Structure formats: C-alpha cells, structure tokens
There are 2 protein chains.
Amino acid sequence: MDRSLTPTRLAEKAVTDRDRLDALLDSALVAHVGLVVEDGPLVVPTGFARDGDRLLLHGSTGSRWLRALAAGTYACVTVTELTGLVVARSGFESSMHYRSACLFGTFEPLAGDDASRALELFTERVLPGRAAEVRPSTPKELAATLVVALGIGQWSLKVSAGWPDDPAADVAGDAWAGVIPIRSVLEQPIPAPDVRAGIDIPDSVRRLLAGRDVGSSD
Amino acid sequence: MDRSLTPTRLAEKAVTDRDRLDALLDSALVAHVGLVVEDGPLVVPTGFARDGDRLLLHGSTGSRWLRALAAGTYACVTVTELTGLVVARSGFESSMHYRSACLFGTFEPLAGDDASRALELFTERVLPGRAAEVRPSTPKELAATLVVALGIGQWSLKVSAGWPDDPAADVAGDAWAGVIPIRSVLEQPIPAPDVRAGIDIPDSVRRLLAGRDVGSSD
C-alpha cells in the first residue's frame with residue numbers, strides 16, 4: 001500500500017517539510033491559480049511544473065490571467081490531491097483525505113533559454129522522456145508562449161490522512177467506520193485517428209503506463 | 001468506454017448546457033474556492049454539493065474563509081476534473097483533457113432545517129445511502145457547522161476533449177500522437193482500528209465500490 005494511503009491518528013495537520021511540499025508539487029498535474037482581476041477573484045486551473053525553488057506556469061501570450069501574472073499581480077496557487085474518503089460513524093465526522101498546498105507571491109516572466117528550457121520541463125514533467133522523442137519548439141511557438149515563475153518561499157501544506165475521529169458513544173455503537181482510498185490511474189492510450197500504420201506507442205508512454213499512477217508519490 | 005473519454009475534433013470548447021455543468025458538479029468531489037481576504041487572493045479546496053440551483057459548502061463556524069463567504073464576500077468557485085493526457089507530436093501541442101467550471105457570486109448562510117437538510121446532502125452526495133445508516137447530526141454539531149449556498153447563475157464551463165491538433169508537417173513525421181485517459185478509482189476500504197469484530201462494511205460502501213468510479217459521469 002502507498003504510504004500516503006495509510007491513515008494516521010492525526011486527522012489533519014499542517015506540514016512544514018519542504019520535501020513533502022515538493023512531493024505533492026511533483027505528483028499533482030493541475031494547480032488552481034487565484035488572482036484578483038477587475039471583476040473580482042478568479043480561479044483558473046492549469047498545468048504546472050516545479051523547477052527547483054520555482055513554480056512554473058505557461059500558456060498562450062493571449063491569456064488574460066497569465067498576462068496579469070506576468071505583470072506582477074499577486075497570486076495564490078493551490079495544488080490539491082484527493083486521496084480518500086473518510087467514512088465516519090456520523091455525517092459530522094465524515095471527511096476526506098487530501099494533500100493540499102497553497103503558494104503565495106508574484107510571478108515573473110521568463111525569457112530566452114530560460115523559457116525554452118521551461119517548455120521542455122513541462123513536457124518532461126507529464127511524460128518523462130518525451131522531449132527527446134519530439135522536435136524542439138520552434139521560434140514561432142516560443143513567441144506564442146508565455147512562461148511565468150513563482151519563487152517557492154511563502155507556502156503552507158495541509159495533509160489530512162487520519163482515521164475517523166468518532167466520539168466514544170459512536171464507537172460503542174454498531175456503525176462501521178474506515179477509509180476508502182482514491183487513486184488516479186492512467187488507462188490504455190488511444191492513438192489519434194491520423195497516426196499512420198506502423199507508428200507504435202513510444203517508449204515514454206510505455207514507461208509512464210508501466211511505472212506510474214498519477215499522484216502516487218509521497 | 002466512457003463517453004467523456006472519447007476525443008472529438010474540437011480541442012477545447014466552452015459549453016453552455018446546464019446539464020453538462022450539473023454533471024460535472026455532481027461528479028467532482030473537490031471545489032477550489034477563490035476569494036479576496038485582507039492579504040490578497042486565497043484559494044481553498046473544499047468538498048461541496050449541488051442542491052438544484054444552489055452550490056453548497058460547509059465547514060466549521062471557526063473557519064475564516066467560510067465566515068467571509070457567509071458575510072457576503074464575492075467568490076469564484078472552480079471545479080475541475082482532469083480526464084486525460086494529450087500526447088501530441090510536439091511539446092507545444094501537448095496538453096490535457098479536462099472539464100472545468102467557474103461559478104461566480106456571493107454565498108448566503110443557511111439556517112435551521114435548510115442547514116440540517118444540507119448536511120444530510122453532503123453525506124449522501126459522497127456516499128449515497130449513508131445518511132440512513134448513521135445517527136442524525138446533533139444540535140451541538142449543527143451549531144458548530146456553517147453551511148453557505150451560492151445560487152448557480154453566473155458560470156462558465158470549459159471542456160477539453162479533442163485529439164492532438166498537430167500541424168500537417170508533424171503528422172507527416174514519425175512521431176506517435178494520442179490520448180491517455182485518466183480515471184479516479186476507489187480502492188478497497190480499510191476499516192478503522194476501533195471497528196469491533198462483527199461490524200461489516202455497510203451497504204452504502206459496498207454499492208459505491210460496485211457501481212462508481214469517481215468522476216465517471218457525463
């Protein structure tokens with residue numbers, strides 16, 4: 001069993017280990033980026049990558065929210081993995097297992113080699129080995145892409161991994177309690193309709209399917 | 001194969017069908033709530049439930065962000081399901097399949113019967129049939145819980161479900177392209193250590209495991 005699926009006695013706790021933060025950031029595939037635009041708060045889901053002490057985002061240069069980040073708008077980036085359902089002996093004590101991090105600060109736009117290296121990182125982070133299987137980004141593609149970086153400095157991490165915390169009177173009753181782990185799995189790849197006969201699934205995809213559940217680290 | 005996993009020709013599209021929104025809201029288990037607090041934007045992951053035309057959240061009366069919502073702070077609630085990896089013939093065209101909704105507006109606190117009914121809904125939404133297996137919430141538990149509701153009126157839904165959109169020159173090359181579906185699955189339940197011998201896994205949990213992947217609707 002994955003260690004993260006083994007409940008502990010502590011229902012929810014703040015974790016200050018940077019390693020645990022990095023494990024979550026390197027495992028989860030989607031971040032929710034919160035910023036304030038003229039209409040109020042906006043929360044945008046996006047892929048991301050950790051590059052050492054930086055959190056990288058990328059997208060089209062036409063993206064309004066990404067341009068706002070590049071211009072220095074303060075942001076809160078939340079990364080969450082749901083890891084289980086906590087079935088307690090009452091509705092009140094029932095909850096979920098999760099790992100969730102909030103990172104705060106302002107992003108800076110990347111340029112030149114730093115930006116192209118970041119784009120390769122985005123490819124490798126989702127599908128290790130893929131960058132070597134495909135052509136490099138073209139200057140036109142690079143020009144159409146905005147990459148922004150947030151220094152990982154101000155952050156918090158909460159992990160909920162405990163058993164149901166039922167009061168003694170409920171434990172003495174007849175209701176069951178426990179945890180149902182949740183896992184994200186990759187299914188068999190579906191080739192695009194325009195893949196020509198004889199072009200087989202690449203090594204990167206084979207390795208990913210052989211070796212990794214989504215969100216299985218930590 | 002689940003219909004949502006069948007790629008279409010459209011890479012990403014805005015969907016205006018309320019049914020599609022409801023399907024996502026009834027399938028996903030976590031929402032990311034964005035609001036502006038004194039320090040700036042804050043994005044909080046939380047469970048939620050749809051009740052007809054309302055989106056419900058709940059938590060401790062001591063929760064600062066929930067109290068801010070109850071007091072009328074404007075919010076953006078984003079609900080996202082990652083459904084696949086899009087492996088294109090270049091890093092630039094590689095992306096992800098997802099469904100994501102943003103709901104905007106101000107919440108109102110619920111009281112009395114409306115609040116107790118909402119708490120039952122939270123239980124039933126995650127684990128149908130569970131409310132009838134456990135005791136009702138006590139007045140003390142109700143008093144410790146804040147439930148807030150957002151009218152579902154101002155929202156947007158984006159669905160990315162297309163094949164890789166590679167340019168002709170890349171399609172003519174030797175690189176593979178396709179989609180790797182991602183699915184959330186429930187694993188076998190783990191009883192809490194204080195479950196007494198003879199107390200078996202309840203029907204609600206059995207049915208959930210037999211019938212449902214997480215996020216399999218639509």
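Is Arg183(B) buried, partly exposed or exposed? I looked this up as the opening entry, and Arg183(B) counts as partly exposed because its relative accessibility is 27%. Here buried means under 20% relative accessible area, exposed means over 50%, and partly exposed lies in between (1.4 Å probe, protein chains only).

**Basis of the entries**

I note that this is a predicted model, in which local features need pLDDT of at least 70 and side-chain atom pairs count only at pLDDT 80 or more, while totals for chains, interfaces and linings use all residues. Residues are numbered from 1 along each chain as its sequence is written, chains are lettered from A and ligands numbered from 1 in the order in which they are written, and side-chain values use heavy atoms, with hydrogens and water left out.

**Entry on Arg183(B) and its partner**

I found Arg183(B) in a salt bridge with Glu187(A), at 2.4 Å from N to O. A salt bridge is a side-chain nitrogen of Lys or Arg within 4 Å of a carboxyl oxygen of Asp or Glu. This pair crosses between chains, from the loop between E10 and E11 of chain A, where Glu187(A) lies, to strand E10 of chain B, where Arg183(B) lies. Helices (H or I, at least four residues) and strands (E, at least two) are DSSP runs, numbered from the N terminus. Glu187(A) is partly exposed, with a relative accessible area of 22%.

**Entry on the interface**

I next looked up how chain A meets chain B. In contact (heavy atoms within 4.5 Å) are 80 residues of chain A and 80 residues of chain B. The two chains bury about 6,600 Å² between them, 66% of it on carbon and sulfur atoms. Buried area is the accessible area (1.4 Å probe) that two parts lose on being put together, summed over both. Pro41(A), Trp176(A) and Ile190(A) supply 12% of the area that chain A buries against chain B, more than any other three residues.

Which other salt bridges join the chains? The rule finds eight across this interface, among them one between Asp194(B) and Arg89(A), with the closest N and O atoms 2.9 Å apart. On the side of chain A that touches chain B, E10(A) gives the most, with nine residues.

I also recorded a salt bridge of 2.8 Å, N to O, between Arg135(B) and Asp170(A). Arg135(B) is partly exposed at 25% relative accessible area, whereas Asp170(A) counts as buried at 12%.

**Entry on strand pairing across the chains**

Two strands pair if DSSP finds at least two bridges between them. Two bridges join strand E11 (residues 190-191) of chain A to strand E10 (residues 178-186) of chain B, and these strands run antiparallel. Ile190(A) has Val179(B) as its bridge partner in E10(B).

**Entry on helix H1 of chain A**

Asp22(A) and Arg18(A) meet in a salt bridge of 2.7 Å, N to O. Both lie in helix H1 (residues 18-27) of chain A, four residues apart, about one turn of the helix.
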